[in-house]
Amino acid sequence: MSETPEVLYRERQQRILDAVALRKPDRVPIVSPFQLFPYTYAGVPFREAMYDYARAREACHKFAGDFQPDADFGPVLAYPGKPLETLGLKWFRWAGHGLPGHAVYQFVEGEYMTADEYDEFLYDPSHFLASKWLPRSFGALAAFSDFPAMRRMMWFGWTGLFASLARPEMRQALAAALQAGEELSEWFASLARYAAEIKAKGFPQAYAGFSWTPFDLVGDTLRGTRGIMGDVIRRPEKLLAAVEKATPIAIEYGLAAAGADLPLCWIWPHKGSAGFLSDRQYARFYWPFLREVIEALVARGVIPVIYFEGDETPRLKHLAEVPPGKVWFHFATMDMARAKEVLGGIACISGNLPSHLLLTGTPEDVRRCCRSLIDTCGRDGGYIMDTSVMVDEARPENVRAMFDFTREYGVY
Amino acid sequence: MKDLLVQAITSMQEEEAVALAAHMLGAGAQAQTILEACREAMCIVGDRYERREYFLPELVVSGEALKRVAALIRPEARQAATGEPLARIVIGTVAGDIHDIGKEIVAFMLTANEFEVRDLGVDVSAGRFVHEVGEARPDILALSGFLTLAYDSMKQTVAALGAAGLRDRVKVMIGGAPMDDGVRDYVGADAYGPDAMAAVRIARRWSEGG
Ligand code: B12
């Protein structure tokens, strides 16, 4: 007899909560943020998924129905094309905008804050973002370079502020922002609709919030890799101040997850992996702030999912400092036995099933690899099955092997 | 003085290095002396990177210090001062791909090891590579790629060299995170290297006629 969606929903939710809490669930959970694959699998070109939200939902329903993940991402990773177009987003190339129709979008890194602008950012991050970062990021918002500084609205300051909003160029920019806002509301409504539909089918939503590591918030979105790496040596104090400033902002982002059925906040770290920073630099600029974010989120009942995409082997000793049974670390490149040794009893781990195996391997290869992962790090809970990095291209039979085998062999 | 310059560059004293080099040139130092110091500094930095004492911050800062110091020397003087390079190399990240950190490290190490390197930057089209190879007549073409789509960009680049009748004039090596010997065969390159030192070894082998 098959179980009702309500029962399945609670089972799946509990399975994940147990794994994170380092209790033994009924079996190894599978949660995997597949990126492009659900759409190619359903025959929906990625460009269509980014523009036709109903098609995107359809594809995700098919993926969830066919593979039965323990928590589901849905169409959130297919960003909405229309508002990106309306605003003229510059740091992204996507299908139809610099990329072919089936391609997954690409981030184009740049220096969106120059080295001499640290003080401006530190003084008033909101105004810096409004008047510098927005116009540099979005072609349609060029006029925002004159955006009024809201901090000066006190007493009769607001008169000048509001008057400046009525200038013709600003009106145009605001009109674009409004239009994009409407388009975004449609997308958010689609996400909410999907979440309700999938819940009715018995699947919890895999994300409740997204955030950043403070160092990457400065490095990825403001300074760029070259910029921030140079700053580590050239202006360490300013950089530290900015990373410190970014820390409560990162916490704010993540608190959106508080109170959800599965309060998972996903964080994709980038510039702290092996090879980027020395251990001393990591211990000074990267880890203390990430730890602060993790601790603050945990204190509010959020489960941080730290999705590492590089090699974190030299960072394991730091990762072991998090509050036990509250955090989920995903690893791409890692000796998982070693990770289990260091983090066992401290944090749940996931990942490491080589993504390229799903494209180039056979179902037997996939099963062998899943078996070895479950044997090495899934034996007494605390492991969630996932690929090494988000999957774009894969053979469906290999994906099926990953899910079916884990469900079968991963029973405790 | 020369040792001080090497010391300044390798210990990340960027401004001091530039000021010192300017002072040395003003006091009549030979361009050659400065360039030798640069090469020596590069070797030391490259070596420390290989030994995992230095990481990206040090490579970025010393790389820029070296560029600024070299820029103080007039091009004619630079040409006269640098001896024959072991080989001339054109490098770039292929079309559709904008990752440049790994490529810059490769360029840095090759330069430190007495190769002349011309860096075309990122997202370089097959056409531009062909044009450069035709104009600059390098001995070696080094292609970086980090995305799966780079396989095809590389394949197109090598094919375009063939179509332009230039394939026999250059050796082609490839590298970048997802590359391997299978990809080398797929794109029709002559060698694959997993890291920057491999790039140096391959280039040495080729320049010795191997
Ligand atoms: C930093 C980074 C970025 C930065 C790039 C910043 C910059 N200025 O370069 C940013 C954030 C912009 C970025 C963007 C993207 N990235 Co990226 N990125 C990375 C990351 C984390 C590190 C790369 C790096 O610099 N490593 C450090 C250097 C020192 O190592 P290296 O690159 O391997 O280089 C060494 C060797 O490969 C070799 N080598 C390099 N070139 C050559 C050439 C020759 C001839 C030889 C012999 C050797 C050689 O020597 C180097 C030194 O030893 C990698 C993950 C990883 N672990 O590699 C992903 C990675 C390369 N990125 C990836 C992806 C998917 C993307 C995006 C598409 C993401 C997105 N959806 O937006 C975009 C694409 C943008 C584009 N069009 O190119 C994937 C590629 C997967 C694939 N196979 O397709 C990776 C592997 C991450 C992952 N695990 O999924 N990325």
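How many residue pairs are in polar contact between chain B and chain A? In this predicted model, the count between the two chains is 8 residue pairs in polar contact, both residues of each pair being at pLDDT 80 or more.

**The interface between chain B and chain A**

In the contact between the chains, 18 residues of chain B touch 18 residues of chain A. Together the two chains bury about 1,500 Å², and 58% of that area lies on carbon and sulfur atoms. Of the area that chain B buries against chain A, 32% is supplied by B:Phe55, B:Pro57 and B:Ile98, which is more than any other three residues supply.

The polar side of this interface includes 8 residue pairs in polar contact, and the elements that give two or more residues to the side of chain B that touches chain A are α4 and α6 (101-112) of chain B. The largest share of that side, 6 residues, comes from α4(B), and by class the side of chain B that touches chain A has 10 nonpolar, 2 polar and 6 charged residues.

**Helix α10 of chain A against helix α4 of chain B**

Helix α10 (residues 214-234) of chain A and helix α4 (residues 56-71) of chain B have axes that come within 8 Å and cross at roughly 90 degrees. On the α10(A) side the residues are A:Arg226, A:Met229, A:Gly230, A:Val232, A:Ile233 and A:Arg234, and in α4(B) they meet B:Leu56, B:Pro57, B:Glu58, B:Val60, B:Val61 and B:Glu64. The residues of this contact divide into 7 nonpolar, 1 polar and 4 charged.

**Salt bridges**

Side chains of opposite charge can pair when their charged atoms come close. The structure holds 48 salt bridges over all chains, and the count between chain B and chain A is 5. Two examples are set out below, one joining chain B to chain A and the other within chain A.

| Side chains in the salt bridge | N to O distance |
|---|---|
| B:Glu64 and A:Arg234 | 2.9 Å |
| A:Glu11 and A:Arg15 | 3.9 Å |

B:Glu64 and A:Arg234, which meet in a salt bridge, are also among the residues listed for the contact of α4(B) with α10(A). As for the pair within chain A, A:Glu11 and A:Arg15 both lie in helix α1 (residues 5-20), where they are 4 residues apart, about one turn of the helix.

Definitions and conventions. Residues are numbered from 1 along each chain as its sequence is written. Chains are lettered from A and ligands numbered from 1 in the order in which they are written. This is a predicted model: local features need pLDDT of at least 70, side-chain atom pairs count only at pLDDT 80 or more; totals for chains, interfaces and linings use all residues. Side-chain values use heavy atoms; hydrogens and water are left out. Axes are lines fitted to C-alpha atoms, for helices over the stretch in contact, and angles run from 0 to 180 degrees between N-to-C directions. Contact means heavy atoms within 4.5 Å. Ala, Val, Leu, Ile, Met, Phe, Trp, Tyr, Cys and Pro count as nonpolar, Asp, Glu, Lys and Arg as charged, and the others, Gly among them, as polar. Buried area is the accessible area (1.4 Å probe) that two parts lose on being put together, summed over both. A salt bridge is a side-chain nitrogen of Lys or Arg within 4 Å of a carboxyl oxygen of Asp or Glu. A polar contact is a pair of N or O atoms within 3.5 Å; within protein, one must be able to donate a hydrogen and the other to accept it, and residues adjacent in sequence count only if both atoms are side-chain atoms.
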